[in-house]
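Work through the exercises below with the sequence and the model at hand. Each task is followed by a solution in steps.

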Amino acid sequence: MKILVIGSLNVDYNYYVNEFPKPGETIDADLFSSRIGGKGINQAYAASQIMETTFIGKVNSADVDSLKQEINPNKNLRLELVKSNSNTGNATILINAQGENNIIISHGANYEFNKNDYESIKNVIDDYDGILLQEEINEDFLFSLISLAKSKHKLICLNPAPFHKYTSEIVNNVDIITPNETEFESLFGFKFSFNEIEDIQASIRGEINLIVVTLGEKGAVAISKNDYTFVEAYKVKAIDTVGAGDTFNGFFFANYLLTRNIKDSLKLANKASSIAVSRKGTLKAVPTLEECAKY
């Protein structure tokens, strides 16, 4: 089985600080680093720990070779970097002493997917079993990808992040959605609560057969029309939470696609994301399947 991930690739500029600055305040960073990020490549890298994964992203032409070298894909990860005249996407990330983060993104080439890119994907999509998507690419292209994958009867997982006004229009056309608590509230209009499970089930419509809500340090819950499964998070000291949700998404979708076992997929994804937050970095923080097995 194989996964296709179409999404964002950014260069992240990370500033580790004691506390986030107040408006108008200038503070010193304790540490600075730059690294590869973006929800698309993060999730693809995580999914590739389990099965063959192809990532399609768009970057500035001059950056293709250096990005491929820096990502250093494993044996299961194939990179298809489409060249653009726009800047490679980039993000400025502040990480405080508690491992929390604030992020500002310049999307650049991530928002430049076009009809030619669609035609290229149309020619290869039959080779894949599952499609993993996020919302860091341009809206019209995302809509087109979901329609294409749906027409080909592929299992579609959408991570509705970062949340947009159009999100509610497209989630009904995918099989799995994976919001965090904030995104869940934006989608359904009320805060997540286990007391509201029946209301959530009654709200499931369209093609959705599974809602996976990530609950941070509390764990994660998967809700279908007739049942739900909750798995507690592993207790770790969080050092850096950037990309933890992406690690969860990649591991969950790949394992679910392979096994169709919700509980085991939640457990593995929770374990992988717990390991990731205990390390600095994004791609470098993603654990291998063997590391998860020993955890």
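**Exercise 1: a strand and its neighbours**

In this predicted model, strand β9 (residues 155–158) and strand β10 (residues 176–177) pair in the parallel sense over 2 bridges. Find the bridge partner of L158 in β10, then state how β8 and β9 pair and whether the residues on the faces of β9 are buried or exposed.

Solution. Step 1: the partner of L158 in β10 is I177. Step 2: on strand β8 (residues 130–133), 4 bridges connect to β9, again in the parallel sense. One of the residues to look up here is L132, whose bridge partner in β9 is C157. Step 3: L155 and C157 lie on one side of β9, I156 and L158 on the other, and all are buried, so that both faces are covered.

**Exercise 2: aromatic pairs**

How many aromatic pairs does the structure hold? Classify the pair F113 and F141 and the pair F184 and F190.

Solution. Step 1: there are 13 aromatic pairs. Step 2: for F113 and F141, the ring centres are 4.7 Å apart and the planes are at 10 degrees, so this pair is stacked. F113 belongs to the loop between β7 and α3 (115–124) and F141 to helix α4 (residues 139–151), so the pair ties together parts 28 residues apart in sequence. Both F113 and F141 are buried. Step 3: for F184 and F190, the centres are 5.7 Å apart and the planes at 80 degrees, so the pair is edge-to-face. F184 has 0% relative accessibility and counts as buried, whereas F190, at 24%, counts as partly exposed. Step 4: ring pairs link F184 and F190 with F188, F192, F194, Y228 and F230 into a cluster.

**Exercise 3: charges over rings**

Which ring does the charged end of K2 sit over, and which ring does K280 lie over?

Solution. Step 1: the charged end of K2 sits over the ring of Y128, 5.2 Å from its centre. Step 2: K280 lies over the face of Y16, at 4.9 Å from the ring centre.

**Exercise 4: two helices**

Describe how helices α8 and α9 are arranged.

Solution. Step 1: the axes of α8 (residues 244–259) and α9 (residues 262–277) come within 8 Å and cross at roughly 155 degrees. Step 2: angles over 145 degrees count as roughly antiparallel, and α8 and α9 are therefore roughly antiparallel to each other. Step 3: the crossing of α8 and α9 is right-handed.

Technical notes: Residues are numbered from 1 along each chain as its sequence is written. This is a predicted model: local features need pLDDT of at least 70, side-chain atom pairs count only at pLDDT 80 or more; totals for chains, interfaces and linings use all residues. Side-chain values use heavy atoms; hydrogens and water are left out. Rings of Phe, Tyr and Trp (its six-membered ring) pair if their centres lie within 6.5 Å; planes under 30 degrees apart count as stacked, over 60 as edge-to-face and the rest as tilted. Buried means under 20% relative accessible area, exposed over 50%, partly exposed in between (1.4 Å probe, protein chains only). A charge sits over a ring if NZ of Lys or CZ of Arg is within 6 Å of the ring centre and within 35 degrees of the ring normal. Axes are lines fitted to C-alpha atoms, for helices over the stretch in contact, and angles run from 0 to 180 degrees between N-to-C directions. Angles under 35 degrees count as roughly parallel, over 145 as roughly antiparallel, 65 to 115 as roughly perpendicular and the rest as oblique. A crossing is left-handed if the near helix is turned anticlockwise from the far one by less than a right angle, and right-handed if clockwise. Two strands pair if DSSP finds at least two bridges between them.
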